[in-house]
Amino acid sequence: MRPALRTTLFLVPATAWLLLMLVLPLLVVVLFSFGERGAAGGYVPAFTLDNYANLAARWTAFQNTILLAPLGTVLCLLIAYPLAYYLAIKADPRWRTILLILVIVPFWTSILIRSYAWIQILGGNGLPRLIAEFGFGRPRLINTPFAVMVGIVYGYLPLMVFPIYVALEKIDRRLLEASADLGSPPWRTFVQITLPLSLAGVATGSMLVFILLMGEFLIPQILGGGKVFFVGNALVDLFLQSRNWPFGAAVAATLVMVMLVIVTLYLRAMKRLSGGRDDVAMM
């Protein structure tokens, strides 16, 4: 069998799966976005741009998503990188596996249960009550952007930790030792060797967290209490409650376009920072 034919045969199942599960649903969403809402809801075939012209009605949801999703990604990165660095570089190999398991442990519990646990922690009888006992007033934490960010960081932190850990774990320790032998202080070794070689993990983890956050609806719904809307919450409302499928499809299509633009700009920036390395751009 010719190599080209063999490669084609290997790619057919994956290509068919992507066409069926990714491209076709996106085409259906785009098609629905030009339709009209029926008298009882749903979709009526038509061709109109009114749904896109009315996107401003959901501007708050877009604004919250565009602001809080990147912010949540950055916070996850700031917390995950030191943790991954410790696990990969500094931790005792005898304890490394146990520590990695501890990072995974939250995934053993449903995100729904974990989010409800944060309601108890951030609610009136949780942290606010403890803060009040120390004489610092009784702040409102639940149903705020702060509560949503706490839930986001807690829920998505492992997805950021593991790609960075893998990238750091693959670094040849002899490079770090050579840098130290040549008289470089630890901070310079980190900036010139460790950080550039771990950018692939940073790019992968950031994309995983960011893309999932752009479609997040559960954490804002539970910890935001209906006061902090993401686009995901707007889509749930449009498709399941108001049954305005064409407008919901227009919102979804716009969200996908925004994500594509942001991801493309981010990957170009990461490639520039890595000196044009293709492995970072492809992560």
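Start with helix 12. Its buried residues pack against three neighbours: helix 3, helix 11 (218-223) and helix 13 (245-273). This is a predicted model, by the way. Which residues of helix 12 are buried? Helix 12 covers residues 231-241, and the buried ones are Val231, Gly232, Asn233, Ala234, Leu235 and Leu238. Look just past the end of helix 12. Arg243 has a positive phi there, about 55 degrees.

Now to helix 3, one of those packing partners of helix 12. Helix 3 spans residues 59-90, and it also packs with helix 10, residues 199-214. The angle is about 145 degrees, and the axes are 9 Å apart. Left-handed or right-handed? The crossing of helix 3 and helix 10 is right-handed. On the helix 3 side, the contact uses Thr65, Ala69, Pro70, Gly72, Thr73, Cys76, Leu77 and Tyr81. Helix 10 brings Val202, Ser206, Val209, Phe210, Leu213 and Met214.

Last stop, Arg96. It sits in helix 4, residues 93-104. Arg96 is buried, yet it has no salt bridge. How far away is the nearest side chain of opposite charge? That is Glu169, at 5.1 Å. What does lie by the side chain of Arg96 is a backbone oxygen: that of Ala91, 2.9 Å from one of its polar atoms. Leaving aside residues up to four places away in sequence, Arg96 touches Leu87, Ala88, Ala91 and Tyr165.

How values were computed
Residues are numbered from 1 along each chain as its sequence is written. This is a predicted model: local features need pLDDT of at least 70, side-chain atom pairs count only at pLDDT 80 or more; totals for chains, interfaces and linings use all residues. Side-chain values use heavy atoms; hydrogens and water are left out. Helices (H or I, at least four residues) and strands (E, at least two) are DSSP runs, numbered from the N terminus. Buried means under 20% relative accessible area, exposed over 50%, partly exposed in between (1.4 Å probe, protein chains only). Lys and Arg count as positive and Asp and Glu as negative; His and the chain ends are not counted. A salt bridge is a side-chain nitrogen of Lys or Arg within 4 Å of a carboxyl oxygen of Asp or Glu. A polar contact is a pair of N or O atoms within 3.5 Å; within protein, one must be able to donate a hydrogen and the other to accept it, and residues adjacent in sequence count only if both atoms are side-chain atoms. Contact means heavy atoms within 4.5 Å. Axes are lines fitted to C-alpha atoms, for helices over the stretch in contact, and angles run from 0 to 180 degrees between N-to-C directions. A crossing is left-handed if the near helix is turned anticlockwise from the far one by less than a right angle, and right-handed if clockwise.
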